[in-house]
Amino acid sequence: MTTNLQPKAGQLFTPSTLMPPDLRSAAVWIASEPAQVQADFLNSLTEGELLALPFLFDFWAMPHQLPPDGAWKTWVILGGRGAGKTRAGAEWVRAQVEGAGPMDRGRARRVALVGETIDQVRDVMVFGDSGILACSPPDRMPVWEAGRKRLVWPNGAEAKAFSAHDPESLRGPQFDAAWADELAKWRNAQETWDMLQFSLRLGEHPQQIVTTTPRNTAVLKALLKAASMVQTSAATEANRANLADSFLQEVRARYEGTRLGRQELDGTLLEDHEGALWRRDMLDAARIAKAPDMDRIVVAVDPPVSGHSKSDECGIVVVGAVTKGPVQDWRAYVLEDVTMGAASPDAWARVAIAAMESWGGDRLVAEVNQGGDLVQSVINQIDPLVPFRAVRATRGKAARAEPVAALYEQGRVHHLAGLDQLEDQMCRMTLQGYEGGRSPDRLDALVWALTDLIIDPAAHWRRPRMRGL
């Protein structure tokens, strides 16, 4: 329901005393009620309360747009295109500079607005559809002074615009709050960021917000590791109520499952580790929409040591291959990743067997270093007729992965969509070992599958035959 009421000159916009105390709970309550209940609620408000309602951001905000609790220094919002990052930044600035009344002081008096260029600060952060002016109620509306490149609020607070093209402009001024927009695309990112940190020195606890689509940049990766940093994130579709359906359909159809899509739509930071056996561009080049008919399909399993809640994942990956013609013409296709979290042997065995049945697999391959005969025993209890091959690791993970990575470099392995978590593990495997923390169980399963389908048969094919005497 909407209202046609327009703000009057001098109208004070204050939070309603009739609102339920928890605005987030109130928003959920109203949204879930029938239309008549919603109408009755709105009709119960006074004119001033109705006029104030659009400017109570805590009432309307999505979870990723609300600042986390705690004494943090930097709040980073990683989001896809259109996820509501700019609105969150503008509303946070409002919350810092505004007081209870239009002329009352807020927590912050001097704010730095930093973007890639001055034009982007002005056109997006200040005058944009989700910028500071669009979010501000009439009685707290700041004035843009173009000559001095600053906003001035009725209570005397100021926000000054700065460009990442000119880091030195931040040398000298000082602030008690800052908003940095699209940090990951700044040209002089590290130098500008460093200058901003030196200038953020006013007040008892100066804070800053960073709103950006993630990119694999050194300054962003270092920031996300800082102890004083908190983070929220959201994909583009989190804000789908405010986006055109045609836009969402088009970008998903074009970029679903690609590196660009994960970065620009899902808001995921994708890193290429130094010395990694796989790179993101390599995996993007390997992606296809549909696999051909297969000569063989295997389901590979890397079982966890145990099945309790803190155990590793159980890697389960389905891979097929076309093995017609010479060995160098064989091609493999990674079809599905059905890896499970901490699960009992019975649970992961049933998932693996179900994947075989779904894809028409002709063999189940499982590592038995940890479980020994128990692994095959569990599988046979569910289906004693499943073709099974036990494999045992005699070399380290990186050594086993190297020949598989070589297949990708030769363009002989292709991926269907939906393998994001597997690909993340692949890009963290280096010649020195895995840099992802816990065990790369999805990758281990993939290595066993491709070894069974391509590498071992190819080695047997190439092995010289002994001539009879």
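Is Phe127 buried, exposed or partly exposed? At 44% relative accessibility, Phe127 counts as partly exposed, where buried means under 20% relative accessible area, exposed means over 50%, and partly exposed lies in between (1.4 Å probe, protein chains only).

Before going further, a word on the model. This is a predicted model, so local features need pLDDT of at least 70 and side-chain atom pairs count only at pLDDT 80 or more, while totals for chains, interfaces and linings use all residues. Residues are numbered from 1 along each chain as its sequence is written, and side-chain values use heavy atoms, with hydrogens and water left out.

**The protein as a whole**

The protein has 17 helices and 16 strands; these are DSSP runs, numbered from the N terminus, with helices (H or I) of at least four residues and strands (E) of at least two. Of its 469 residues, 49% count as buried. The protein exposes about 22800 Å², and carbon and sulfur atoms supply 51% of that area, as computed by the Shrake-Rupley method with a 1.4 Å probe; for residues, only the protein chains shown count as cover. Among contacts with a separation of 6 or more, 70% come from residues 24 or more positions apart, a contact being heavy atoms within 4.5 Å.

Axes are lines fitted to C-alpha atoms, for helices over the stretch in contact, and angles run from 0 to 180 degrees between N-to-C directions.

Strand S4 (residues 150–152) and strand S5 (residues 158–163) run antiparallel and are joined by three bridges. Within this pairing, Arg150 has Lys160 in S5 as its bridge partner.

Two loop residues deserve a look when you check the backbone. Lys149, in the loop between S3 and S4, has a phi near 50 degrees, a positive value in a residue other than glycine. Glu182, in the loop between S6 and helix H8 (189–199), also has a positive phi, of about 55 degrees, although it is not a glycine.

**Aromatic pairs**

A search of the whole structure finds five aromatic pairs. Rings of Phe, Tyr and Trp (its six-membered ring) pair if their centres lie within 6.5 Å; planes under 30 degrees apart count as stacked, over 60 as edge-to-face and the rest as tilted. The rings of Phe127 and Trp144 have centres 6.1 Å apart and planes at 85 degrees, so this pair is edge-to-face. Phe127 lies in the loop between helix H6 (118–126) and helix H7 (132–135) and Trp144 in strand S3 (residues 143–145), so the pair ties together parts that are 17 residues apart in sequence. Elsewhere, Trp72, Trp75 and Trp92 form one aromatic cluster.

**The six-stranded sheet**

Another open sheet has six strands in the order S13-S12-S9-S10-S11-S14, with mixed pairing. Its edges are strand S13 (388–391) and strand S14 (413–415), each with a single partner strand, so one side of each is left without a neighbour in the sheet. Neighbouring strands of this sheet are turned by 25 degrees against each other on average, direction ignored.

Six bridges join the antiparallel strands S10 (residues 315–322) and S11 (residues 331–337), and Gly320 stands opposite Tyr333 in S11. Helix H13 (residues 345–359) packs on the sheet, touching strand S9 (296–302), S10, S11 and strand S12 (363–367), with its direction at about 170 degrees to that of S9.

**Cysteines and a buried glutamate**

The count comes to zero disulfides, a disulfide being a pair of cysteine sulfur atoms within 2.5 Å. Glu423 lies in helix H16 (residues 420–426). Leaving aside neighbours within four places in sequence, Glu423 is in contact with Arg280, Leu283, Arg287 and His415. Here are the accessibilities of some residues:

| Residue | Relative accessibility | Class |
|---|---|---|
| Trp144 | 18% | buried |
| Lys149 | 35% | partly exposed |
| Cys314 | 0% | buried |
| Glu423 | 4% | buried |
| Cys427 | 0% | buried |

Note on methods: Pairing = 2+ DSSP bridges.
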